[in-house]
Amino acid sequence: ASPRLGEIRGENAVAAMKRRDGPVRDNTLWTWLPVGAQVLLAALANVASSSTLTVFNAWIFRQGYHYQWSLIVVQQMVCAIFAVAQVACIPGEARRVRISRKDYAATLLPFSVVVSLKLYVQNKAFELVSPAFYAMIASTLPVGVTALSVAVGSEPFRVVTCVAAGVVALGGAMIHAGEVALSPAGFALTLVAMSLDVTRLVLAQRLVQPLGLSSVGLMLLSAPPQCVIAAIGAAVLESGSVAAAANAGEFTALAWSLVFLNGALAVVVNLVIFVFVKVASAVAVAVTTPFKDLAVVLLSDEFVVRRRETTTSIVGFALACAASLGYNVWNIGVKDRERKDRKMRERAAEQYVPLAGGSGSATDSRLKFAPMEEDGDEDEFDEEVDAHAGVWRITDAHNATLACVGTAVLVTCAAILAQLDYSAVMGR
């Protein structure tokens, strides 16, 4: 029986090796399509969904819906719930959701505040300037991001970067010069929103690169605090107006439908970005930004503020988009070469590590250059870090999401209900 049992075990081992070494099944959504077609479809869906959400936001604000904080509450609730689902669906993603309490307080909370303020100021700007103008000015973001990144030391000073930033700035100046009728207050709000967006991007780079958070993990950790911030803004600045509109019968079923439709669009945008990152990369999402801005310009001029752009604005926008796209493509190549060089140096260092009988320094070297464990295989270092009291893990993120979303709903609803005239509402 023993030889036979050994044969069976041997056959099982061979079968397991074949399964392990066999072709890996593609985990993308449309396995019957070529990879290039998948990336193209995901890119088109990303441009269409993101531009539609931006234009829809501007449209409802210009139709008389002036409750920006309340809308942000709904959007961030959707993002928080969707992020929880994404982390649960992506293998190994839960292990990457870790941040020290010091970094949470020093970087993540300021990031959440900046994002909330940026969304509010941007939405207020949409009431005064055309979404097309805002999108064209947004194409100059690389100028501010480059200046701030070099100033704080997160990016090295490069002549190519400065040249690209200068070309983009020239395009932005042409866009401003070509605008025929421009509200000074709207332009000021646009500049404030751009400044906040620059700060957001630099803080996001700090969270994603040195701290190692993924885009999904960043959404999971930042959306709940944004819910609370927006709820406080809604309670303080908008609850009286919402209650008065409900008392007067102006906050109709159509208004509620627009709010929930906006939330549904936010779900679609996040889902499309998730798919896009899955079949391509986060870098590819950034490269498509100029095309999204172009789609916003076309949709805005057709459905929100019907107008034709001047030749000066069109040339400036094309110049800024071309410089931004070219720089992004060039920067991708630089980052890729730097990553390959770093891996080669680490592999070369591994070859000179003593295998046995070394001192404590040899052990440290083996730990430093040890390959990362596969998803699902916890190592001792991960367990030690996770057990540390100063580190937030996936469980803490789930608890924070539940607490913040619940608090946001409670604060917003309580502030509105406290000022509602029930006799007027029930009388209708």
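In the predicted model, residues 24 or more positions apart account for 87% of the contacts in the protein with a separation of 6 or more. The protein contains 18 helices and 2 strands. Of its 428 residues, 40% count as buried.

Two packed helices are described by the angle between their axes and the distance between the axes. Helix 3, formed by residues 68-89, packs with helix 5, formed by residues 101-126, at an angle of about 130°, and the two axes lie 10 Å apart. The crossing of the two helices is right-handed. On the side of helix 3, the contact is made by Gln 68, Trp 69, Ile 72 and Gln 76. Helix 5 contributes Ser 116, Leu 117, Leu 119, Tyr 120, Asn 123 and Lys 124. Sorted by class, the residues in this contact comprise 5 nonpolar, 4 polar and 1 charged.

One of the residues that helix 5 brings to this contact is Asn 123. Asn 123 has a relative accessible area of 3% and is therefore buried, the cut-off for a buried residue being under 20%. When residues up to four places away in sequence are not counted, Asn 123 touches Phe 61, Gln 68 and Ile 72. Of these, Gln 68 and Ile 72 are among the residues of helix 3 that make the contact with helix 5.

Terms used. Residues are numbered from 1 along each chain as its sequence is written. This is a predicted model: local features need pLDDT of at least 70, side-chain atom pairs count only at pLDDT 80 or more; totals for chains, interfaces and linings use all residues. Side-chain values use heavy atoms; hydrogens and water are left out. Helices (H or I, at least four residues) and strands (E, at least two) are DSSP runs, numbered from the N terminus. Buried means under 20% relative accessible area, exposed over 50%, partly exposed in between (1.4 Å probe, protein chains only). Contact means heavy atoms within 4.5 Å. Axes are lines fitted to C-alpha atoms, for helices over the stretch in contact, and angles run from 0 to 180 degrees between N-to-C directions. A crossing is left-handed if the near helix is turned anticlockwise from the far one by less than a right angle, and right-handed if clockwise. Ala, Val, Leu, Ile, Met, Phe, Trp, Tyr, Cys and Pro count as nonpolar, Asp, Glu, Lys and Arg as charged, and the others, Gly among them, as polar.
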